[in-house]
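Please look over the sequence and the structure before reading on.

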Amino acid sequence: MDTDALAPFRSSWEYAQGYVPEDAVLADARARASEVVCGPIGAGGGAALRFLAAAVGAKHVVEIGGGTGVSGVWLLRGMAPDGVLTSVDIEAEHQRHAREVFAAEGIPASRARLINGRALEVLPRLADAAYDLVLVDGAKEEHADYVEEAARLL
């Protein structure tokens, strides 16, 4: 497909991503992601995550590749008020930023369990059938393995 053929898709994507406004907390998390060269989910995708978490009444969610907290904030906003997000990321610096973003959002530390490490080493230690939703956003070359673990966790 040539570049001009992609124009309608690109404009639709840009419209969807820009349709949902982001507040100061999400803008800060996105700026932090830019600083550490981490690609966060767009606002449209974040709104979809919030909707999915709310639709399933999520109380326990696993996030593979948490970054600086952009997707985590969206998920937590959709989750049950007593829900817990388990976020796995190999980069400790990303998780430090995420903790600060979650604090700025007013999320109690007990609602966000951040685990530093390789997802394929951490996920097998999580309980079977104990989670309502799993977000796969880690190393692309490992997605198939993440999905296999996610099926076990759900």
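A residue is called buried when its relative accessible area is under 20%, exposed when that area is over 50%, and partly exposed in between. R96, at 39% relative accessibility, therefore counts as partly exposed. The model described here is predicted.

**Salt bridges in general**

- The whole structure holds 13 salt bridges.
- A network of salt bridges links D28, R32, E93, R96 and E100.

**The pair R96 and E93**

- R96 and E93 form a salt bridge through their side chains, with an N to O distance of 3.9 Å.
- Both residues belong to helix α5 (residues 92-105), and because they are 3 residues apart there, about one helical turn separates them.
- E93 has a relative accessibility of 41%, so this residue also counts as partly exposed.

**The pair R32 and D28**

- R32 and D28 are both part of helix α2 (residues 24-35), where they sit 4 residues apart, about one turn of the helix.
- R32 has a relative accessible area of 16% and is therefore buried.
- D28, by contrast, is partly exposed, because its relative accessible area is 31%.

**The pair R30 and E22**

- R30 makes a salt bridge with E22, and their closest N and O atoms are 2.7 Å apart.
- R30 is partly exposed, with 25% relative accessibility.
- E22 is partly exposed as well, with 28% relative accessibility.

**The sheet**

- Strands of a sheet pair through backbone hydrogen bonds, and the pairing is either parallel or antiparallel.
- In this model, 4 strands make up an open sheet in the order β3-β2-β1-β4, and their pairing is parallel.
- The edges are taken by β3 (112-116) and β4 (133-136); each has a single partner strand, so one side of each has no neighbour in the sheet.
- On average, neighbouring strands of the sheet are turned by 15° against each other, direction ignored.
- Strand β1 (residues 60-64) runs parallel to strand β2 (residues 84-89), and 5 bridges join the two.
- V62 has T86 in β2 as its bridge partner.

**Helices across the sheet**

- Helix α5, which holds R96 and E93, lies across β2 and β3 and runs at about 170° to β3.
- Helix α7 (residues 143-153) lies across β1 and β4, and runs at about 175° to β4.

Note on methods
Residues numbered from 1 in each chain as written. Predicted model: local features only at pLDDT ≥ 70, side-chain atom pairs only at ≥ 80, totals over all residues. Heavy atoms only, no water. Salt bridge = Lys/Arg side-chain N within 4 Å of Asp/Glu carboxyl O. Buried < 20%, exposed > 50% of the residue type's maximum accessible area, 1.4 Å probe, protein only. Pairing = 2+ DSSP bridges. Axes fitted to C-alpha atoms, helices over the stretch in contact; angles between N-to-C directions. Contact = heavy atoms within 4.5 Å.
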